[in-house]
Structures are given as C-alpha cells and as structure tokens.
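Welcome, and thanks for taking a look. Here is a short briefing to read alongside the structure.

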Amino acid sequence: MEQFFADLQPTIENAVRHAMEKIHREIGKEHIYSAALVTDSDCITLFLAVNTEEALARRDESDRTPEYLAELRKYWPEELVSRVADGSFSLNRYIPDEWGYSDGTDSELNQVSRQLYDQEDYGEIYPRYSEYWKS
C-alpha cells in the first residue's frame, strides 16, 4: 500500500494537469479567477473545479430572477438578498460545486477516485458508493 500512495502524487499531478489543459481549451478567452482540487471527507472522490469571472457572471445573473430571489428571502436576511439582486454579492464565488467548469465524469481524476475507493473496503460503510463505482 505504501507504493500505491507513493505513486499517487504524480498520478494526481498529471491528472490535474490534463484536466486543466482540457478546461483551458474549453473556456477560451475567459478569465480564470480560481481553481480547486476538491475531495470529500474520506478522500473517496476527487474533482477539479475551475471558475471564470464570465462563468460567475452568468451564474449570478441566473440567481437574480424574481423567483429565485423570493426563494432566498425565505432563508436569508433581506440585506443579503438585496445585494444578490443588485449584483454586489455572489452566492457562488467560493463554492466549487457551483463553478462553471470541472474535469468531468470520465476524467483521469475520476480514475484516481476509483483507485482510492479500491484501496479501502468502503462497500460495507458506504454502500451507495459501491453502486457508483461499479459503473
């Protein structure tokens, strides 16, 4: 198992490099402001999330619909909702799950996640993951 983890670092580095190359081609001339290598608490899954100012603006625009703002008012103070409405606050800027770009579902990082899963016996602990990784 020690060798597995010794090999893991360059494997992840290569996977991230390839994912960033793919994402860079995908975004064209958009301006990246953040990238994050994200994992869950058990390090079963890894994914790369990237966002651009342009993707953020598109997402924030979709958050300013009257219906969505009404939904926000159920849970958040009016001061925050007003800032979302006028565009001075983003609900999505620092939440990688909401960002515009990622490595995708059939990426090298997804393969690494499968390898990490296979290193541990998570099947009994997390049966829902067992079905996911079988596919």
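The buried residues of helix α2 have β1, β2 (46-52) and β3 among the elements that cover them. Please keep in mind that this is a predicted model.

**Helix α2**
- Helix α2 spans residues 53-62, and A55, L56 and D60 are buried in it.
- These residues lie on the same side of α2, because the arc they cover around the axis is only 130 degrees.

**The aromatic pair**
- Searching the whole structure turns up 1 aromatic pair.
- Its partners are Y33 and W99, arranged edge-to-face with 6.1 Å centre to centre and 65 degrees between the planes.
- Y33 belongs to strand β1 (residues 32-39) and W99 to the loop between α4 (78-86) and β3 (101-102), so the pair ties together parts 66 residues apart in sequence.
- Y33 is partly exposed, at a relative accessible area of 22%, whereas W99 counts as buried at 11% relative accessibility.
- Y33 has another neighbour to look at: the charged end of R93 sits over the ring of Y33, 4.6 Å from its centre.

**Helix α5**
- Helix α5 (residues 108-119) has 12 residues and reaches 17 Å from first to last C-alpha, close to the 16 Å expected at 1.5 Å a residue.
- Buried in α5 are L109, N110, V112, S113, L116 and Y117.
- That set covers an arc of only 155 degrees around the axis, so these residues sit on the same side of α5.

Note on methods
Residues are numbered from 1 along each chain as its sequence is written. This is a predicted model: local features need pLDDT of at least 70, side-chain atom pairs count only at pLDDT 80 or more; totals for chains, interfaces and linings use all residues. Side-chain values use heavy atoms; hydrogens and water are left out. Rings of Phe, Tyr and Trp (its six-membered ring) pair if their centres lie within 6.5 Å; planes under 30 degrees apart count as stacked, over 60 as edge-to-face and the rest as tilted. Helices (H or I, at least four residues) and strands (E, at least two) are DSSP runs, numbered from the N terminus. Buried means under 20% relative accessible area, exposed over 50%, partly exposed in between (1.4 Å probe, protein chains only). A charge sits over a ring if NZ of Lys or CZ of Arg is within 6 Å of the ring centre and within 35 degrees of the ring normal. The arc is that of the directions from the helix axis to the C-beta atoms. Contact means heavy atoms within 4.5 Å. The expected span of a helix is 1.5 Å times one less than its number of residues.
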